[in-house]
Amino acid sequence: MQEEIIIIGSGPAGHTAAIYLGRAERKPLMFEGFMAGGIAAGGQLTTTGIVENFPGFPDGITGNKLMEQMREQALKNSARIVTETVLAVDFSKRPFSLTLEGGEKAEAKSIIIATGATAKTLNIPGSKEFWQKGISACAVCDGALPIFRNKTIAVIGGGDTAMEEAEHLSKFAKEVIIIHRRDKLRASLIMQERIKNNPKIKIMWNCVPVELKGSKFLESAILQNTRTNEKNELEISGLFYAIGHSPNTGFLGNQLKLDEQGFIITQPGSTKTSVDGVFAAGDVQSPHHRQAIIAAGSGCLAALECDEYLH
């Protein structure tokens, strides 16, 4: 059976697109994925605690609850949702063809890709145990939470993202420590200068965390010197990964134009990809910012452009 529109992915971008297309009586079909990229349906927000910066929730809302409500709203607006992962696509002919995890095929006149990006983390003892219990990958999302305020916080990384995260965290933390495995930062000179001039930020060179410890919440990190292998324990109340994100685009098989990191390239100010009739929204086409409200906005744009395309 051929669909008009298939949405791949189920984060804020995918559900917003589904809501708009459902209201336009397009009856979109969404494949929300089953642990695609190692994350439950709903995307990165399902791994987030309290979300305090999404408009309309003055008292905050958990990431899980926010995604549950978006999913419910999509269903109420005639979207159909299937909990299955898309393994491969064929955009070389029309209708477009998708191969599902169970081996079934699906076809559609147009596709919206909203599969997001997964934060890179370190596979070390304590990393999973203290996730959202002192460990995060988004300073803008979580930095202002009470567990981090006026505490010593660490940031892992050496690029611009790590510097931006550290600078943002310095507004709330007592002290921010950047942990970097080399003796030189990759960040731009202007960002390095800003970090140097911030009295609340310091850098620990030639170090990597090898274990994270605590009781209910993160309390310390065991650091190993990359030159001497010497270990020491650093007392911290928070740890933020700033070592990049991996876009969930492996299933595309290079059928769309991607940037060097693997993010989908879209036309400026648009969600249109290199294939006519295929659109991309959210973190999968936006390597910067990674905010739920931005993803939702691009999902809306994808829905409007997709509807115009079908007209």
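Predicted model: local features only at pLDDT ≥ 70, side-chain atom pairs only at ≥ 80, totals over all residues.

Q: Where is asparagine 150 found?

A: Asparagine 150 is in the loop between H3 and S11. Its phi is positive, about 60°, although the residue is not a glycine.

Q: And what's the general rule on phi?

A: Most residues other than glycine have a negative phi.

Q: What about asparagine 254, is it buried or exposed?

A: Asparagine 254 counts as exposed, with 68% relative accessibility. The residue lies in the loop between strand S18 (245-247) and strand S19 (278-280). Asparagine 254 has a positive phi of about 60° as well, and is not a glycine.

Q: Which residues does the cis peptide bond join?

A: Arginine 94 and proline 95, with omega at about 0°. Proline 95 sits in the loop between strand S6 (86-90) and strand S7 (96-100).

Q: And the general rule for peptide bonds?

A: Most peptide bonds are trans.

Q: OK, switching to sheets. What is the strand order in the open sheet of five strands?

A: The order is S10-S17-S11-S12-S13, and the pairing is parallel. S10 (135-136) and S13 are the edge strands; each has a single partner strand, so one side of each has no neighbour in the sheet.

Q: How many bridges join S11 to S12?

A: Five, with the two strands running parallel. If you want a pair to click on, threonine 152 is opposite glutamate 175 in S12.

Q: What is serine 136 in contact with?

A: Beyond its neighbours within four places in sequence, serine 136 contacts Trp131, Asp142, Leu239, Phe240 and Tyr241.

Q: Now helix H4. Which of its residues are buried?

A: H4 covers residues 160-169, and its buried residues are Ala162, Met163, Glu165, Ala166, His168 and Leu169.

Q: Why would helix residues a few places apart point the same way?

A: An α-helix has 3.6 residues a turn, so residues three or four places apart point the same way.

Q: What do the buried residues of H4 pack against?

A: Quite a list: helix H3 (139-142), strand S11 (152-156), strand S12 (175-179), helix H5 (189-196), strand S13 (201-204) and strand S17 (238-241). S11, S12, S13 and S17 in that list are also strands of the open sheet.

Q: Moving on to S15. How many of its residues are buried?

A: Six of the eight residues in S15 (218-225) are buried, leaving the strand mostly covered.

Q: How does S15 pair with S14?

A: S14 (residues 207-214) and S15 are antiparallel, with seven bridges between them. Proline 209 has leucine 223 in S15 as its bridge partner, and a hairpin of three residues connects the two strands.

Q: And how many bridges join S15 to S16?

A: Five, also with an antiparallel run, S16 being residues 231-235. Here isoleucine 222 faces glutamate 233 in S16. S15 and S16 make a hairpin too, with five residues between them, and asparagine 229 in that turn has a positive phi of about 70°.

Q: Which residues line it?

A: The lining of the largest cavity is Ala119, Lys120, Ala137, Thr161, Glu165, Tyr241, Ala242, Ile243, Gly244, His245 and Arg290. By class, that's five nonpolar, three polar and three charged residues. Glu165 is also one of the buried residues of H4, and Tyr241 is among the contacts of serine 136.

Q: Last topic: how many aromatic pairs are there?

A: Four aromatic pairs. In the pair of phenylalanine 54 and phenylalanine 57, the ring centres are 6.4 Å apart and the planes are at 50°, so the pair is tilted.

Key: Residues numbered from 1 in each chain as written. Heavy atoms only, no water. 1 Å grid on protein atoms, 1.4 Å probe; cavity = no way out; pocket = protein on both sides within 12 Å on 5 of 7 lines; lining within 4 Å. Nonpolar A, V, L, I, M, F, W, Y, C, P; charged D, E, K, R; others polar. Phe/Tyr/Trp six-rings, centres within 6.5 Å; stacked < 30°, edge-to-face > 60°. Buried < 20%, exposed > 50% of the residue type's maximum accessible area, 1.4 Å probe, protein only. Helix = DSSP H or I, 4+ residues; strand = E, 2+ residues; numbered from the N terminus. Pairing = 2+ DSSP bridges. Contact = heavy atoms within 4.5 Å.
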